[in-house]
Amino acid sequence: MASEDRVLLVDDQPMMGEVVKRILGAAGGIELRVVSRPQDALAAAREFLPTVILQDIEMPGMNGFELLDAYRADADLADVPVLMLTSVENAESKAKAFELGATDYMVKFPEAVEMVARVRRHSLMRRQALARVQRAADAERARNPLGFVREPLPQCDIAIIGGGFSGLMSAVRIAAAAPGASLSVFERRSRPGPGVAYGACDGEHLLNVPAARMGAFAEKPTAFHEWLEREFPGRYGASDFAPRAQFGRYLLETVQGSLGASSVKPRFVSDAVVHLERHAFGFELLLASGRTVLARGVVLAVGLPQARAPWRGVGGDALAAIPRKLLVDDPWEAGALEGIPADETVVVVGSGLTAVDVVLGLRRRGHRGKLVLVSRNGRFPLPHAAAHGAPPALDPAELSRGPKEAFRLVRRTVRELAAHDHEWHGAIDGVRPHATKVWQAWSTEQRAYFLRRLRPYWEIHRHRVPPRLLALLDAERAAGTLDLIAGSIGGIAPVAGAEAIDVTVKGARGATQTIRAARVVNCVGPAMSVVDTVDPLLGSLFRSGMASSDALGLGLRSDAEGRLLDAQGVPQPGMRLVGALRRGELWESTAVPELRVQAAVAAESLARELGVASAAPAGSA
Ligand SMILES: Cc1cc2nc3c(=O)[nH]c(=O)nc-3n(C[C@H](O)[C@H](O)[C@H](O)COP(=O)(O)OP(=O)(O)OC[C@H]3O[C@@H](n4cnc5c(N)ncnc54)[C@H](O)[C@@H]3O)c2cc1C
């Protein structure tokens with residue numbers, strides 16, 4: 001059995017090894033290993049696991065100070081007691097040894113009894129420390145049988161959950177409002193970044209909001225266009241739809257610039273928050289890795305949960321037999337569309353903005369195979385107008401009467417525009433400034449009617465694409481390289497001996513066809529309802545009653561400052577909601593022009609509530 005006291009002696013003089021062996025051997029119960037080359041000491045220590053290291057200072061190749069430095073930088077050896085055993089007796093040398101982390105210092109040669117006493121004492125302390133760690137690990141195993149690592153992170157004033165536009169701009173706003181606050185941003189993707197919309201896209205993925213309205217700060221909506229002008233002089237007009245990737249760059253530069261100039265240095269944690277609990281301190285966040293973190297306040301900026309992939313409900317047992325990579329749950333996941341055989345068919349479920357992006361992205365990557373799009377309405381989004389003037393002023397009182405009245409007003413406006421040779425777009429754009437007020441004026445029944453009957457029309461008119469991109473899709477349809485089917489996925493089955501799937505498509509009129517595809521890509525977008533969500537964090541907020549969904553299940557209830565309302569409708573102290581999950585209350589809660597305002601209001605009000613706001617008014621752009 002190994003001795004409890006294990007000493008590693010590092011000394012280049014063989015005679016020293018003999019003397020120490022005699023002294024410790026006489027004491028009994030101490031196992032000794034001797035290393036004469038200091039360069040071998042680290043490896044020997046890692047293998048022997050000493051409870052004490054005894055070592056000389058003056059040695060060829062590597063002196064005792066350098067060795068000390070190396071132990072202290074090594075995670076496994078950093079806490080092992082190191083006793084210097086040397087003939088160097090001056091005070092400077094002793095001071096330097098202690099400064100570098102030596103535990104004790106003996107001048108050659110102390111009385112045998114003293115040396116044994118020192119070695120035993122330091123060895124005992126090391127063993128006791130190891131036993132404490134072991135006891136804590138045993139207790140943790142008992143408490144946490146699944147083996148989650150629950151290593152605590154430093155606590156912070158404010159935890160921002162979500163590292164997309166809303167989370168990053170909340171961080172910037174908090175940093176401006178509360179220069180003394182400590183801040184952590186949690187993002188479940190591998191790195192915080194510009195978010196789904198502006199991160200995983202190439203140069204041809206375009207914004208659907210004109211450049212001059214995409215500034216990250218409400219105080220300066222034109223800032224993005226000005227940035228484009230600096231980067232690409234003359235290339236983009238104020239009303240152009242610039243590449244989303246450029247907006248991603250602008251956003252990161254803006255965030256870096258703002259935080260770089262601030263005293264707040266947020267900590268970015270690449271981990272998903274899966275559970276949130278009220279705590280005496282504020283909140284305890286449980287991360288997917290099993291770690292926990294304490295925060296006084298929380299900003300929830302998680303975007304919308306992804307809708308369940310359409311094949312999940314119809315795949316049955318076949319799902320398990322289909323290789324994972326053939327079913328693309330999230331086309332924005334890094335590498336999701338890589339490795340598709342270039343001549344094979346791909347089925348895309350959905351025909352909205354995400355589907356358009358995926359189709360064009362596949363073609364740019366050189367995909368030659370047929371693309372089959374399947375969506376309930378079988379329609380692409382409508383094109384932006386080439387150009388139209390300021391939208392007509394629509395009467396908000398008439399719009400607020402109800403969705404049927406609003407629909408009538410919009411149709412009337414479209415006719416009036418047509419009479420003056422203008423396209424329909426102005427009628428939709430005339431509604432948008434009033435959308436939130438109108439939505440809030442409608443009763444729950446009126447909102448439900450809108451969702452049931454009018455939403456599909458609203459969506460294709462409101463979320464438009466540049467005409468140039470639609471022309472590409474139309475050309476593909478005409479050439480027979482792209483099909484758009486109105487229908488749904490009725491089933492999927494693996495293909496024996498091939499990396500392919502048989503996809504059964506049920507047409508809107510009941511006809512069924514089977515398409516053999518190399519991939520099926522989910523482009524149905526976010527879930528329409530959060531009520532049955534499988535998102536662990538949202539589920540946990542509902543279960544604990546910290547959050548409640550709006551009457552139609554579109555999102556979470558919150559007040560004007562973004563304070564989350566609990567199951568009783570009471571504002572939750574210390575919590576703010578920013579982003580599309582506010583759509584149940586606001587309807588328009590999707591695009592940068594809305595989110596930048598929400599981030600500012602939520603951040604400033606949370607900083608005030610937690611008492612971390614600076615006395616001076618917060619800076620902004
Ligand atoms: C394809 C596409 C194109 C768009 N184009 C435009 C446009 O041109 N103009 C415009 O204004 N808007 C556009 N939008 C809308 C866009 O969603 C918003 O502008 C904005 O990017 C939303 O940011 P967000 O931070 O609220 O949400 P997201 O970008 O969805 O970010 C939320 C983040 O939270 C993370 N997260 C979620 N749950 C957790 C958790 N439990 N723990 C840790 N992290 C979590 C997610 O991984 C995600 O990164 C587009 C959206 C899409 C999808």
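In the predicted model, the loop between β5 (104-107) and α5 (112-143) contains Phe109. The peptide bond that joins Lys108 and Phe109 is cis, with an omega of about -5°. Asp421 is placed in the loop between α13 (403-419) and α14 (425-431). As a rule, most residues other than glycine have a negative phi, and most peptide bonds are trans.

The domain assignment divides the protein chain into domain 1 (5-143), domain 2 (156-193 + 268-305 + 529-610), domain 3 (318-381 + 465-522) and domain 4 (396-462). Between the C-alpha centres of domain 1 and domain 2 the distance is 50 Å.

The ligand is surrounded by 32 residues, of which Gly162, Gly164, Gly195, Gly303 and Ala591 are the closest. Domain 2 and domain 3 each contribute at least three residues to this shell. In terms of secondary structure, at least two shell residues come from each of α6, β7 (183-187), α7 (196-199), α11 (353-364) and α20. The composition of the shell by class is 17 nonpolar, eleven polar and four charged residues.

The axes of helix α6 (residues 165-177) and helix α20 (residues 592-610) are 8 Å apart, at an angle of about 40°. Helix α6 is therefore oblique to α20, and the crossing of α6 past α20 is right-handed. On the α6 side the contact involves Phe165, Ser166, Met169, Ser170, Arg173, Ile174 and Ala177. These residues meet Val592, Leu595, Arg596, Ala599, Ala600, Ala602, Ala603, Glu604 and Ala607 of α20. Sorted by class, the contact of α6 with α20 comprises eleven nonpolar, two polar and three charged residues.

The crossing in which α11 passes α17 is left-handed. Val356, Val359 and Leu360 of α11 make the contact with Leu469, Leu472 and Leu473 of α17. By class, the contact of α11 with α17 holds six nonpolar residues, with no polar and no charged ones.

Terms used. Residues are numbered from 1 along each chain as its sequence is written. This is a predicted model: local features need pLDDT of at least 70, side-chain atom pairs count only at pLDDT 80 or more; totals for chains, interfaces and linings use all residues. Axes are lines fitted to C-alpha atoms, for helices over the stretch in contact, and angles run from 0 to 180 degrees between N-to-C directions. Helices (H or I, at least four residues) and strands (E, at least two) are DSSP runs, numbered from the N terminus. Angles under 35 degrees count as roughly parallel, over 145 as roughly antiparallel, 65 to 115 as roughly perpendicular and the rest as oblique. A crossing is left-handed if the near helix is turned anticlockwise from the far one by less than a right angle, and right-handed if clockwise. Two residues are in contact if their C-beta atoms, placed from the backbone, lie within 7 Å. Ala, Val, Leu, Ile, Met, Phe, Trp, Tyr, Cys and Pro count as nonpolar, Asp, Glu, Lys and Arg as charged, and the others, Gly among them, as polar. A residue is near a molecule or strand if its C-beta atom, placed from the backbone, lies within 6 Å of it. Domain bounds come from an automatic or database domain assignment.
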